[in-house]
Amino acid sequence: MDSPQPYSRRRLQVVADADPGAIARVVERFQNLNLIPRRVSAEFSSNDLLHIEVDVCGIPDEQLALIAAKIRQATSIVSAYWFRLD
């Protein structure tokens with residue numbers, strides 16, 4: 001039986017107000033830590049909210065929690081949370 005990988009793939013799901021700087025504020029957190037996400041996606045919804053997804057690998061859960069907490073402190077961010085993809 002395989003043991004769970006300590007650094008499996010995770011997705012950060014962010015919902016933000018319609019603000020042109022929201023995407024940059026989310027990606028900036030990774031740049032500050034010298035991390036390159038596997039994938040970044042953003043979509044503007046019909047209810048005037050911006051949905052941003054960031055996929056990462058190889059980052060400990062504790063560090064992911066800190067990243068999400070910092071993002072939640074930014075202006076225009078409605079919510080930010082992580083979940084496991086595999």
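**The sheet**

Select the four strands: they form an open sheet in the order β2-β3-β1-β4, with antiparallel pairing. Strands (E, at least two residues) and helices (H or I, at least four residues) are DSSP runs numbered from the N terminus, and two strands pair if DSSP finds at least two bridges between them. At the edges are β2 (39-44) and β4 (77-84), each of which pairs on one side only. On average, neighbouring strands of this sheet are turned by 15° against each other, direction ignored; axes are lines fitted to C-alpha atoms, for helices over the stretch in contact, and angles run from 0 to 180 degrees between N-to-C directions.

This is a predicted model, in which local features need pLDDT of at least 70 and side-chain atom pairs count only at pLDDT 80 or more, while totals for chains, interfaces and linings use all residues. Residues are numbered from 1 along each chain as its sequence is written, and side-chain values use heavy atoms, with hydrogens and water left out.

**Strand pairs**

Next, select β1 (residues 10-17) together with β4: seven bridges pair them in the antiparallel sense. Val15 stands opposite Ser79 in β4.

Move to β2 and β3, which run antiparallel and are joined by six bridges. Ser41 has Glu53 in β3 as its bridge partner. The hairpin of these two strands has four residues between them, and Asp48 there takes a positive phi near 60°.

Now pick His51, in strand β3. His51 counts as partly exposed because its relative accessibility is 29%; buried means under 20% relative accessible area, exposed over 50%, and partly exposed in between (1.4 Å probe, protein chains only). Although 36 residues separate His51 and Val15 along the chain, their C-alpha atoms are 4.7 Å apart. Not counting residues up to four places away in sequence, His51 touches Val14, Val15, Ser41, Ala42, Glu43 and Ser45, where contact means heavy atoms within 4.5 Å.

**The helices**

Show α1 (residues 22-32), which lies across β1, β2, β3 (49-56) and β4 and runs at about 20° to β3.

Which residues of α2 are buried? They are Leu64, Ile67, Ala68 and Ile71. Viewed down the axis of α2, these fall within an arc of 95°, so they line one face of the helix; the arc is that of the directions from the helix axis to the C-beta atoms. The cover over the buried residues of α2 includes β1, α1, β3 and β4. On the face turned away from the buried side, look for the exposed residues Glu62, Leu66 and Gln73.

**The core**

Display the largest nonpolar core, which has 19 residues; Leu12, Val14, Val26, Ile71 and Trp82 have the most contacts inside it. Such a core is a set of buried Ala, Val, Leu, Ile, Met, Phe, Trp, Tyr and Cys residues joined through side-chain atoms within 4.5 Å. Leaving aside neighbours within four places in sequence, the contacts of Trp82 include Arg10, Arg11, Phe30, Val54 and Leu64.

**Two loop residues**

Finish with Asn34, in the loop between α1 and β2, and Ser76, in the loop between α2 and β4. Asn34 has a positive phi of about 60° although it is not a glycine, and Ser76, also not a glycine, has a positive phi of about 80°. Asn34 counts as exposed at 70% relative accessibility, whereas Ser76 counts as buried at 17%.
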